[in-house]
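Have the model open as you read along.

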Amino acid sequence: MSQASSSSSAPSDRPVPPSDIRTISIAESGAAAECLARAFAEDDVARYFVDTSDTKNWSEQEKWELHVRIMRSIVEAHCLKGLALTIGPNYDCVALWMPPGKNMDDKLTMFSNELWTVKGKLPVEGQYRFKQEFLPLLHRSKAEVLGSLDNDSWYLVYIGSKPESRGKGYARRLIEHVTTQADDQGRVCYLESSNGANPKIYRKYGFETEKTIRLTRGPKPVEMEIMIRQPVPKTSFTNPPPDHRVAQTTKSIEVQR
């Protein structure tokens, strides 16, 4: 997650889903959260807020329930402030995008308030990791990579498929559904990858690694790769899209204890 400035996007920034890709309503947030919770069940970043020193006596069921609550809060925030998409007959894959110009400050405030008040809230160390380490790191990294385009890019916050629904092309459809529009607009796409196996997949869709960031309050550093996708201009002799490209750099940053 990261912050952007307070200007709002034009209606044309929100894609119109075809029949098999649809927008998730807030009433569907539970089903969408279940998909993401299962997709990120073993993800190091997702576990980073749950597997802490003050949850060592928690059962796996208690940790799972908290994990699902976190995902539901994130889905609800995107239903209200961003773009939540799904595909497949039973929420088989879910993608959460933040469109250009959306106010991430409001989203983060709303998400934080919801997350900390749900039953089974994060323990003290989990809250510290999320509020004081994770969010500032993501905010700073996105601003550094995108610069003046921080508020004028598409941000893929989460995408995940149920284990039994992988290999069906669902994730590709949800990514290309937005990257096609980003190309038409001449806009950059941005994401953080928390799974070391995924960057090579994202490269197939035009993303390239900009930098590596690290969370360092746990027993071992947890890495995420920052990736951007430059817009692919269409060949045209008239009315080319604006050139919203980012000069690429490669570096690594981290938050120290």
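## Ser193 and its surroundings

The side chain of Ser193 lies 3.2 Å from the backbone oxygen of Asn195, in a model that is predicted. Ser193 belongs to strand 5, residues 189-193 (strands are DSSP runs of E, at least two residues, and helices are runs of H or I, at least four, numbered from the N terminus). Ser193 counts as buried because its relative accessibility is 4%; buried means under 20% relative accessible area, exposed over 50% and partly exposed in between, with a 1.4 Å probe and protein chains only.

Beyond its neighbours within four places in sequence, Ser193 is in contact (heavy atoms within 4.5 Å) with Asn198, Pro199, Tyr202, Glu223, Met224 and Glu225.

## Helix 6

After helix 6 comes Gly186, with a positive phi near 70°.

## Cysteines

Cys189 counts as buried because its relative accessibility is 0%, whereas Cys79, at 21%, is partly exposed. Zero disulfides (cysteine sulfur pairs within 2.5 Å) turn up in a search of the whole structure.

## Notes on the model

Residues are numbered from 1 along each chain as its sequence is written, and side-chain values use heavy atoms, leaving out hydrogens and water. In this predicted model, local features need pLDDT of at least 70 and side-chain atom pairs count only at pLDDT 80 or more, while totals for chains, interfaces and linings use all residues.

Technical notes
A polar contact is a pair of N or O atoms within 3.5 Å; within protein, one must be able to donate a hydrogen and the other to accept it, and residues adjacent in sequence count only if both atoms are side-chain atoms.
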